[in-house]
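I open a new page in my notebook. I want to write down what I look up, step by step.

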Amino acid sequence: MRLGAVALASASLLALAPGGPPQRELPELMSDTGGGTQLITAQAPRGSATSGTLSWWDRRDGRWVRAGSATARFGANGLVEGGARRQGTNTTPTGLYDLPYAFGTSPAPDGTAVPYRPVRQDSWWCQDNASRSYNRWTEPRPADCRATESEHLVAYEKQYAHAFVIGFNYARPVRGRGAGIFLHVNGSGPTAGCVSVPADTMRRLLTWADPARGPHIAIGTASGPTALTRY
């Protein structure tokens, strides 16, 4: 067989050879995605990282499709397993969480379907472990919730222009585990435990999220004991 014919035959065989399995998207590798058809993933390269990637996904025709992504920031001391987190450690809790509602010092973007609370002068997030309102929005701040142990939401006009409440330690709060974990607009650097993204990304997320589709957020690392694929 002539050399040219050999080359042609080899190329034909390569063209006919089946390719490898299609690459599975991150949500397909996870143990649980919350049961809905919308998911946000916030992934750091390692537990000590203070930045990573946030992506949002739609489930269509039986598979997860990436709708967008952006750079994300995490706690100044990295990430830690949510169940082991301690309040005041500046760590972002890993795990899979719901998104109870959104809020902001600015009005909700047009097209926002999720419940959205406007931040007012007397809006506070109680982080006082001794308070009956621990890890709750209060308006006004109750007497048993010390101002020094709470966030005056209006004081964070930039970061809380738009935000989601992340359901960490929210349904049945455990004192000392942590309070006020949000997905919000970037500040000047790493967070105190929240996840933050650029302002335009927060606006896009608010108009993308559909409460009827059960959106959740999964926070974790690329590998190791806090890997996203564990959740």
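My entries below cover confidence, strands and a pocket.

**Entry 1: confidence.** I note that this is a predicted model. I look up the mean pLDDT of the protein chain and find 93. I also see that 90% of its residues reach 70 or more. Then I turn to residues 1–17, where the pLDDT is below 50. Beyond near neighbours in sequence, this stretch has one contact in the model. I keep that in mind and move on.

**Entry 2: strands 1 and 2.** How many bridges join strand 1 to strand 2? I find six, with strand 1 at residues 38–44 and strand 2 at residues 51–60. The two strands run antiparallel. They form a hairpin, and six residues lie between them. I pick out Ala-42 and see that it stands opposite Leu-54 in strand 2.

**Entry 3: strands 2 and 3.** I follow strand 2 to its pairing with strand 3, residues 63–73. This pairing is antiparallel too, over ten bridges. Arg-60 stands opposite Arg-63 in strand 3. This hairpin has two residues between the strands. I check Asp-61 there and note a positive phi near 50 degrees.

**Entry 4: the largest pocket.** I look up its space and get about 360 Å³. Which residues lie nearest the centre of the largest pocket? I write down Glu-151, Thr-191, Ala-192, Gly-193 and Cys-194, out of a lining of 23 residues. I then sort the lining of the largest pocket by type: seven residues are nonpolar, 14 polar and two charged.

Terms used:
Residues numbered from 1 in each chain as written. Predicted model: local features only at pLDDT ≥ 70, side-chain atom pairs only at ≥ 80, totals over all residues. Heavy atoms only, no water. pLDDT = per-residue confidence, 0-100. Contact = heavy atoms within 4.5 Å. Pairing = 2+ DSSP bridges. Helix = DSSP H or I, 4+ residues; strand = E, 2+ residues; numbered from the N terminus. 1 Å grid on protein atoms, 1.4 Å probe; cavity = no way out; pocket = protein on both sides within 12 Å on 5 of 7 lines; lining within 4 Å. Points joined across faces, edges and corners; volume = space filled by probe spheres on them. Nonpolar A, V, L, I, M, F, W, Y, C, P; charged D, E, K, R; others polar.
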